[in-house]
Amino acid sequence: MASAAARGEQESPTETAIGSPPIHVGRFHFEVERALALFEDGHHDEAVRKASQRFINRVQGWVNRPDLDGVALINKVFSSDAPLLIFNDRSTPIERDEHDGYRYLAVGLASALRNVVTHHDDYGLDHEAAWEWLVFISAMHRRLDQAEQVTEHSA
(Lines give C-alpha, C1' and ligand atoms only; values in the text may rest on other atoms or scores of the structure.)
Protein backbone atom coordinates (compact mmCIF):
# COMPACT_ATOMS: atom_id res chain seq x y z
CA MET A 1 0.00 0.00 0.00
CA ALA A 2 1.41 3.41 -0.95
CA SER A 3 1.96 6.03 1.73
CA ALA A 4 0.02 9.29 1.71
CA ALA A 5 3.09 11.09 0.33
CA ALA A 6 3.39 8.57 -2.51
CA ARG A 7 -0.30 9.10 -3.32
CA GLY A 8 0.27 12.87 -3.47
CA GLU A 9 -1.67 13.46 -0.27
CA GLN A 10 -0.63 15.17 2.92
CA GLU A 11 0.44 12.70 5.59
CA SER A 12 -1.72 12.42 8.66
CA PRO A 13 -0.15 13.03 12.08
CA THR A 14 -0.15 9.28 12.72
CA GLU A 15 1.51 8.30 9.44
CA THR A 16 5.21 8.74 8.72
CA ALA A 17 6.87 8.91 5.32
CA ILE A 18 7.10 5.12 5.25
CA GLY A 19 3.49 4.64 6.29
CA SER A 20 4.07 3.29 9.78
CA PRO A 21 2.83 4.83 13.01
CA PRO A 22 5.21 7.18 14.85
CA ILE A 23 7.31 5.97 17.73
CA HIS A 24 5.46 6.13 21.01
CA VAL A 25 7.28 8.25 23.54
CA GLY A 26 6.91 7.20 27.15
CA ARG A 27 6.85 9.62 30.02
CA PHE A 28 9.11 12.61 29.76
CA HIS A 29 11.65 13.27 32.49
CA PHE A 30 9.95 15.32 35.23
CA GLU A 31 12.13 18.35 34.40
CA VAL A 32 10.74 18.32 30.85
CA GLU A 33 7.19 17.67 32.04
CA ARG A 34 7.43 21.06 33.75
CA ALA A 35 7.57 22.62 30.27
CA LEU A 36 4.75 20.63 28.66
CA ALA A 37 2.01 23.13 29.50
CA LEU A 38 3.91 25.71 27.45
CA PHE A 39 4.22 23.22 24.59
CA GLU A 40 0.53 22.33 24.74
CA ASP A 41 -0.39 26.03 24.67
CA GLY A 42 1.60 26.45 21.45
CA HIS A 43 4.63 28.11 23.04
CA HIS A 44 7.08 25.71 21.43
CA ASP A 45 10.20 27.87 21.63
CA GLU A 46 9.58 28.65 25.28
CA ALA A 47 8.96 24.99 26.15
CA VAL A 48 12.29 23.98 24.60
CA ARG A 49 14.05 26.91 26.25
CA LYS A 50 12.65 26.04 29.68
CA ALA A 51 13.46 22.33 29.41
CA SER A 52 17.00 23.02 28.22
CA GLN A 53 17.52 25.70 30.88
CA ARG A 54 16.46 23.21 33.55
CA PHE A 55 19.25 20.90 32.32
CA ILE A 56 21.84 23.68 32.62
CA ASN A 57 20.49 24.69 36.04
CA ARG A 58 20.69 21.11 37.31
CA VAL A 59 24.32 20.76 36.21
CA GLN A 60 25.20 24.16 37.66
CA GLY A 61 23.53 23.41 40.98
CA TRP A 62 24.92 19.90 41.31
CA VAL A 63 28.52 21.09 41.11
CA ASN A 64 27.86 24.43 42.84
CA ARG A 65 29.36 26.52 40.03
CA PRO A 66 27.11 29.60 39.71
CA ASP A 67 30.09 31.37 38.15
CA LEU A 68 29.83 29.22 35.02
CA ASP A 69 27.00 28.90 32.50
CA GLY A 70 26.26 27.32 29.13
CA VAL A 71 29.11 25.85 27.10
CA ALA A 72 31.80 26.93 29.60
CA LEU A 73 29.91 25.14 32.39
CA ILE A 74 29.41 21.96 30.36
CA ASN A 75 33.02 21.82 29.20
CA LYS A 76 34.29 22.26 32.77
CA VAL A 77 31.89 19.84 34.41
CA PHE A 78 32.30 17.06 31.82
CA SER A 79 35.90 17.73 30.78
CA SER A 80 38.07 14.85 29.60
CA ASP A 81 40.93 15.69 31.94
CA ALA A 82 39.33 16.69 35.25
CA PRO A 83 35.56 16.23 35.13
CA LEU A 84 33.33 17.15 38.04
CA LEU A 85 30.59 14.74 36.89
CA ILE A 86 31.15 11.48 35.05
CA PHE A 87 28.86 9.19 33.10
CA ASN A 88 31.03 6.10 33.59
CA ASP A 89 34.44 5.07 34.96
CA ARG A 90 36.23 6.35 31.83
CA SER A 91 38.66 3.45 32.21
CA THR A 92 38.46 2.20 28.61
CA PRO A 93 38.61 4.02 25.28
CA ILE A 94 34.92 3.22 24.72
CA GLU A 95 33.96 4.67 28.10
CA ARG A 96 36.02 7.80 27.43
CA ASP A 97 34.33 8.13 24.02
CA GLU A 98 30.91 7.77 25.66
CA HIS A 99 31.74 10.39 28.29
CA ASP A 100 33.04 12.81 25.66
CA GLY A 101 30.04 12.12 23.44
CA TYR A 102 27.59 13.07 26.16
CA ARG A 103 29.64 16.21 26.82
CA TYR A 104 29.33 17.14 23.14
CA LEU A 105 25.58 16.48 23.20
CA ALA A 106 25.26 18.67 26.31
CA VAL A 107 27.30 21.42 24.62
CA GLY A 108 24.86 21.26 21.72
CA LEU A 109 21.93 21.43 24.10
CA ALA A 110 23.43 24.55 25.73
CA SER A 111 24.52 26.23 22.52
CA ALA A 112 22.12 25.19 19.76
CA LEU A 113 18.98 24.95 21.86
CA ARG A 114 19.08 26.94 25.08
CA ASN A 115 21.09 29.88 23.72
CA VAL A 116 19.36 30.10 20.36
CA VAL A 117 15.79 30.01 21.63
CA THR A 118 16.71 32.34 24.50
CA HIS A 119 18.18 35.02 22.25
CA HIS A 120 15.53 34.96 19.49
CA ASP A 121 12.19 36.58 20.19
CA ASP A 122 10.52 34.05 17.90
CA TYR A 123 12.83 31.28 16.79
CA GLY A 124 9.88 29.51 15.22
CA LEU A 125 10.00 25.89 16.29
CA ASP A 126 6.98 24.09 14.95
CA HIS A 127 5.03 21.46 16.88
CA GLU A 128 7.00 18.47 15.58
CA ALA A 129 10.46 20.01 15.92
CA ALA A 130 9.74 21.18 19.46
CA TRP A 131 8.41 17.72 20.38
CA GLU A 132 11.57 16.05 19.04
CA TRP A 133 13.81 18.48 20.96
CA LEU A 134 11.84 17.84 24.14
CA VAL A 135 12.40 14.11 23.68
CA PHE A 136 16.13 14.74 23.26
CA ILE A 137 16.27 17.01 26.32
CA SER A 138 14.37 14.42 28.34
CA ALA A 139 16.94 11.78 27.37
CA MET A 140 19.74 14.13 28.43
CA HIS A 141 18.06 14.73 31.80
CA ARG A 142 17.76 10.97 32.29
CA ARG A 143 21.43 10.49 31.46
CA LEU A 144 22.31 13.26 33.90
CA ASP A 145 20.36 11.33 36.55
CA GLN A 146 22.90 8.52 36.08
CA ALA A 147 25.98 10.72 36.36
CA GLU A 148 28.18 10.60 39.42
CA GLN A 149 30.01 13.42 41.11
CA VAL A 150 33.76 13.00 41.00
CA THR A 151 35.43 12.59 44.35
CA GLU A 152 39.14 12.48 44.99
CA HIS A 153 38.85 8.69 44.96
CA SER A 154 37.05 8.47 41.62
CA ALA A 155 39.10 11.07 39.76
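Mentor: Let us begin with a term: a residue counts as buried when its relative accessible area is under 20%, and as exposed when that area is over 50%. Please keep in mind that this is a predicted model.

Trainee: Which residues of H4 are buried?

Mentor: In H4, the buried residues are Gly-70, Leu-73, Ile-74 and Val-77. Because they cover an arc of only 95° around the axis, they lie on the same side of H4.

Trainee: Is Val-71 buried or partly exposed?

Mentor: Val-71, which lies in helix H4 (residues 70–77), counts as partly exposed because its relative accessibility is 28%. Setting aside neighbours within four places in sequence, Val-71 is in contact with Val-107, Ala-110 and Ser-111, and the C-alpha atoms of Val-71 and Val-107 are separated by 5.4 Å although these residues are 36 residues apart along the chain.

Trainee: How should I describe two packed helices?

Mentor: One gives the angle between their axes and the distance between the axes. Here, the axes of helix H3 (residues 44–62) and H6 come within 9 Å and cross at roughly 15°; since angles under 35 degrees count as roughly parallel, H3 and H6 are therefore roughly parallel to each other. The crossing in which H3 passes H6 is left-handed.

Trainee: Which residues make the contact of H3 with H6, by class?

Mentor: The contact of H3 with H6 has 12 nonpolar, 4 polar and 3 charged residues, among them Phe-55 and Trp-62 of H3 and Trp-133 and Leu-134 of H6.

Conventions: Residues are numbered from 1 along each chain as its sequence is written. This is a predicted model: local features need pLDDT of at least 70, side-chain atom pairs count only at pLDDT 80 or more; totals for chains, interfaces and linings use all residues. Side-chain values use heavy atoms; hydrogens and water are left out. Helices (H or I, at least four residues) and strands (E, at least two) are DSSP runs, numbered from the N terminus. Buried means under 20% relative accessible area, exposed over 50%, partly exposed in between (1.4 Å probe, protein chains only). Contact means heavy atoms within 4.5 Å. The arc is that of the directions from the helix axis to the C-beta atoms. Axes are lines fitted to C-alpha atoms, for helices over the stretch in contact, and angles run from 0 to 180 degrees between N-to-C directions. Angles under 35 degrees count as roughly parallel, over 145 as roughly antiparallel, 65 to 115 as roughly perpendicular and the rest as oblique. A crossing is left-handed if the near helix is turned anticlockwise from the far one by less than a right angle, and right-handed if clockwise. Ala, Val, Leu, Ile, Met, Phe, Trp, Tyr, Cys and Pro count as nonpolar, Asp, Glu, Lys and Arg as charged, and the others, Gly among them, as polar.
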